[in-house]
Amino acid sequence: MTNTDFPPGADSVPSSTTPSAPATTGAVIGLDIGGTKTRGVRFEDGAPVADESVGSSNVQNVSPEEAARNLAELFARIGGGDVAQVYAGAGGIDTDDDAAALAALIAPHVPGARITVVHDSRLLLAAGGASTGVAVIAGTGSAAWGRNGRGEEARAGGWGYLLGDEGSGYWLGREAVRHSLRRMNQGLEPDELTTALLASCGVDHPNKLIALFHSPATGRRFWAQQARLVVEAADAGHATSQALVDQAGRDLADLAAQTVRQLDIEGPVILGSGLGMNVPRLQESFRAALAAAGITDVRVLEQEPIFGVLQLVADQE
């Protein structure tokens, strides 16, 4: 899952590329850096030979020191050294300075390699086999980004968890807490969702969720992980959970529709990341809301976004 802290109104997704000749063969490392984890895949002549995950190395979510440690652990697992190119998609890449800072953390592990850093939504679109269209991230955070045939780019949402991230894992986890607290205030006994949430959080009363939610011991990753409880409760017939998952799908569809309109295209719209790829009810709500807006070319990503790296590298040739 992914952090997606876009500033509103930006015209393009910033990136950073170290000056070096593009590589056509040899080792390429793809990185998918989200708010909760960093995944790295090493490709040798186009074939994946190593695939590992560590904690987040996104400096929007962890300290530069922790990011550096996690990257060091990742490259120790997948190998650095003689690498032609590293292509990294990361949440929270809002400016060229953000991209350059992340590239600087990667560079010591791959001396001489070309390093490109972009927002992670670019990986998603490429992994969906599209060069134009709109990619929608539904993971720890949420955002939509797209490109049209004229090379124009647009995005919607992704303002971060304090301002938005509707339809994301964090949003669902937070809404589960809010639901439980509302029931407590109304004098109602814990229902199926609240009972599951209390057990997952290791507390015995909804009132204790307040301090836990604000505690430094928990964070976006912890609460995003509670989204599974909402999905499970919805699948079991819990009406409030069903309404929350449906609302998540509609909110994500709204981000997609805003981006489609900005680009003046018909699609495709590609839904990806953890929630987007794995929750059928959310997918159904997403498709229905877009159909109501006249957008019918809607696809769910069938492979992980990181496997879009090879297409993006080829596009640089």
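**Salt bridges and burial**

I looked up D165 and found a relative accessibility of 1%, so D165 counts as buried (under 20% relative accessible area; over 50% is exposed, and in between is partly exposed; 1.4 Å probe, protein chains only). This is a predicted model, where local features need pLDDT of at least 70, side-chain atom pairs count only at pLDDT 80 or more, and totals for chains, interfaces and linings use all residues. Residues are numbered from 1 along each chain as its sequence is written, and side-chain values use heavy atoms, with hydrogens and water left out.

Which residue does D165 meet in a salt bridge? I found R220, at 3.6 Å from N to O. A salt bridge here is a side-chain nitrogen of Lys or Arg within 4 Å of a carboxyl oxygen of Asp or Glu. The pair links distant parts of the chain, 55 residues apart. R220 is in helix α7 (residues 220–225), and D165 is in the loop between β9 (153–157) and α4 (169–185). Helices (H or I, at least four residues) and strands (E, at least two) are DSSP runs, numbered from the N terminus. R220 is buried too, at 10%.

I then checked K208 and D204, whose side chains form a salt bridge at 2.8 Å, N to O. K208 is partly exposed at 44%, and D204 is exposed at 59%.

I noted a network of salt bridges linking R39, D51 and E304. My search of the whole structure gave 15 salt bridges.

Last, I looked up A227. A227 lies in helix α8 (residues 227–235) and is buried at 3%.
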